[in-house]
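Here is a short report on a protein model.

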Amino acid sequence: MSARELDAAGITDESLRLAYRRCRALNARHGRTYFLATRLLPRDRRSAVHALYGFARWTDDLVDEPGPGPVDPARDLDAAADLITEGLASGTSAHPVVAAVADTARRYRLEPELFTAFLHSMRMDLHVTDYPNRAALAEYVHGSAEVIGLQVLPVLGTVVPREEAAPHAAALGEAFQLTNFLRDVSEDLDRGRVYLPADELESFGVDRDRLQWCRDRGRTDDAVRRAVIHQAAVIRGVYRVAAAGIPMLDPVSRPCVDTALVLYSGILDRIAEQDHDVFAARATVPGPQRARVAGTALARAWWARQGAGRPGVSPRLDTA
């Protein structure tokens, strides 16, 4: 299937095909929801999404999963920044992940500033462990998540001017990231970080020590439960902004994005079903539910592609 995706995208150079396959493998291994949703896209667009995901994952792992032996995440991030800067300028790279993403950036004319913002947020993880308020968190989320929505938007295509759809694409990235933060409070504490606004937690009588107390005991308390309920409500509001942008996308891309939104927002449903206890178990969407959502989306994607191939009903793609 990977070869068919590469053929559809017109990627013929063998070294570049290997680079895209490396990114696809990263997506399949680490981004189950994203990978499943990406398979609903037309084949010629999938490789680009794999490349963007692969780059984000590779760079993020330099900070959070550096591997065995002596490491220097700051040095490694600087080296990654140099590679992507050179890759974007030349359109290629000796590093496979950077080669794939540089080729995608060239094909879809992605702004280098989007990658600069992403790397800025990755550097924040080296020294920022708490966020006093939502404005401070928003700086991190812009680079770590919103820009990914903006990178993917040209790949998806739009039926409106791209700048009209851009805020909704950014909101989708934000919603996914905020969902991760709420689900992964325990894991983030283990890394010494809290990605929830401190002032909002404080309004419920919660601080880092209280979160750690719950983490150590593997269960929540009433104050933290109320704080989690509040955070979930905020995130659902961001999902509503993101959902409003789906009709602005190329019809053949809508099932992909809608599926990702439904599955990822389903994590919030699972948190609610667990009585908003994010310490007792990691909230995940059950396999049968994922299969049902994907099956429905697959049928929608097929019909959308049939319509896209008929005279008079092809979507107008924004190419600005």
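## Cavities

A cavity is a set of points, on a 1 Å grid over the protein atoms alone, where a 1.4 Å probe fits but cannot get out; lining residues have an atom within 4 Å of a point. Grid points are joined across faces, edges and corners, and a volume is the space filled by probe spheres set on the points. This is a predicted model: local features need pLDDT of at least 70, side-chain atom pairs count only at pLDDT 80 or more, and totals for chains, interfaces and linings use all residues. Residues are numbered from 1 along each chain as its sequence is written, and side-chain values use heavy atoms, without hydrogens and water.

The structure holds 3 cavities of 30 Å³ or more.

## Lining of the largest cavity

Residues lining the largest cavity include Arg134, Phe181, Tyr195, Pro197 and Gln231. α8 (134-156), α9 (162-183) and α13 (222-243) each supply at least two lining residues. By class, the lining has 9 nonpolar, 1 polar and 1 charged residues.

## Fold and burial

The protein has 15 helices and 0 strands. These are DSSP runs: helices are H or I, at least four residues, and strands are E, at least two.

Buried residues make up 52% of the 320 residues. Buried means under 20% relative accessible area (1.4 Å probe, protein chains only). Cys214 is buried at 0%, and Cys256 is buried at 8%. The structure holds 0 disulfides, a disulfide being a pair of cysteine sulfur atoms within 2.5 Å.

How values were computed. 1 Å grid on protein atoms, 1.4 Å probe; cavity = no way out; pocket = protein on both sides within 12 Å on 5 of 7 lines; lining within 4 Å. Nonpolar A, V, L, I, M, F, W, Y, C, P; charged D, E, K, R; others polar. Buried < 20%, exposed > 50% of the residue type's maximum accessible area, 1.4 Å probe, protein only.
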